Amino acid sequence: MNFPATRLRRLRSTAAMRSLVRETHLQPSAFIYPLFICEGEGVRREISSMPGVFNLSIDEAVKEAEACAALGIGGLLFFGIPDEKDEQGSGAYATDGITQRAIRAIKSSAATSSLVTIADVCLCEYTSHGHCGIVVRNPTNRDGESFEVDNDSSIKLIAKTAASLAEAGADIVAPSDMMDGRIGAIREALDDAGKHNTPIMSYASKFASAFYGPFREAADSAPQFGDRRTYQMDGANLREAMREIEQDIAEGCDMLLMKPAMPYLDVIREARNRFDLPMGAYQVSGEYSMLHAAFQRGWLEPERAMLESLLSIRRAGADFIVTYFAKDAAKTL
Ligand code: PBG
């Protein structure tokens, strides 16, 4: 049937009609809010490139978590910013590490029980060199770099970090390092620690992206030399992303987290078509910052642009979204 028998505008005629036929929905319970936890007390330090996002000491983070729960947000993703860093990132797997203490504190507040607590698992915030694994110096490879990030020694420490965070009370562990074989190593370490019921949410296809820039200010995790291109994926590769996901599923991951989101919506869609695991997407720091920069200049309508960006990610196939807009969007909905 063609025009004039078919008129697609009929179903757009009123707000009620549009609502009835809407295919994709946003709800606060499908948002996850990242928290950056630092040492100290009463600290609430705004990140200059991320308006409305703060480095929070543990006491302030508990208040923030309670506010998120009151808004109906689904969960929190924890990043720790330790005062001291070393070559081995030992703060990542210390029993009294900053993230471990933050998770325990938030779990002990009854007002946060509706939140799923997710611990990002990576070494980059804890290593003095800012890389996501163990750095071995001087192999002088062909890129002219004088270092390498060693895979197999890194995954031992990453697995240890995951077990330590699960023991501190994380409901889910989310490795973001992109080493090979880490999901299998983490599963084994969790099971050895008696945490066979803790799910792994794998940042299975994480691209080496310029859009992580503001995060590295927030988490003080910029590499001190080199970049992450030997472990994070090349932004040109969709088929390779599918292979990464297949590997992680084979190693036992329970959920997927796609990252970044908006510049990689095609990758999200392809993953949704191929795999049946629950899948989230991370609207990363740069996606948030560029929208805010436009809001500040009055170039975009904040509420509409925010919701449209989130809707695009859901429509591409993500079940849930890690987003710095979680609180603002929950308030708007
Ligand atoms: C840690 C990690 C990063 C992000 C999440 N986990 C930074 C990176 O890989 O450099 C980025 C999140 C964001 O930009 O909001 N490896």
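The expected span of a helix is 1.5 Å times one less than its number of residues, and helices are DSSP runs of H or I with at least four residues, numbered from the N terminus. The structure is a predicted model, in which local features need pLDDT of at least 70 and side-chain atom pairs count only at pLDDT 80 or more, while totals for chains, interfaces and linings use all residues. Residues are numbered from 1 along each chain as its sequence is written, and side-chain values use heavy atoms, with hydrogens and water left out.

**Exercise 1.** Compare the span of helix 9 with its expected span, and state which of its residues are buried.

*Solution.*
Step 1. Helix 9 covers residues 285-296, which is 12 residues.
Step 2. From its first C-alpha to its last, helix 9 reaches 16 Å, close to the expected 16 Å.
Step 3. Buried denotes under 20% relative accessible area, exposed over 50%, and partly exposed in between (1.4 Å probe, protein chains only). By this criterion nine of the 12 residues of helix 9 are buried, and the helix is mostly covered.
Step 4. The buried residues are S285, G286, E287, Y288, S289, L291, H292, A294 and F295.

**Exercise 2.** Describe the salt bridge between E64 and K327 and its setting.

*Solution.*
Step 1. A salt bridge requires a side-chain nitrogen of Lys or Arg within 4 Å of a carboxyl oxygen of Asp or Glu. The structure holds 16 of them.
Step 2. For E64 and K327, the N to O distance is 2.7 Å.
Step 3. Because E64 lies in helix 2 (residues 58-70) and K327 in helix 11 (residues 326-332), the pair ties together parts 263 residues apart in sequence.
Step 4. Both E64 and K327 are buried.
Step 5. E64 and K327 also belong to a network of salt bridges that includes R44, E60 and K63.

**Exercise 3.** Locate D220 and K85, and determine how their side chains meet.

*Solution.*
Step 1. The side chains of D220 and K85 form a salt bridge at 3.3 Å, N to O.
Step 2. D220 lies in the loop between helix 6 (213-218) and helix 7 (238-251), whereas K85 lies in the loop between strand 4 (75-81) and helix 3 (98-107); the two are 135 residues apart. Strands are DSSP runs of E with at least two residues.
Step 3. D220 has 47% relative accessibility and therefore counts as partly exposed.
Step 4. K85, with a relative accessible area of 26%, is likewise partly exposed.

**Exercise 4.** Classify the exposure of R304 and E301, which form a salt bridge.

*Solution.*
Step 1. The closest N and O atoms of R304 and E301 are 3.3 Å apart.
Step 2. R304 counts as exposed because its relative accessibility is 54%.
Step 3. E301, at 49%, counts as partly exposed.
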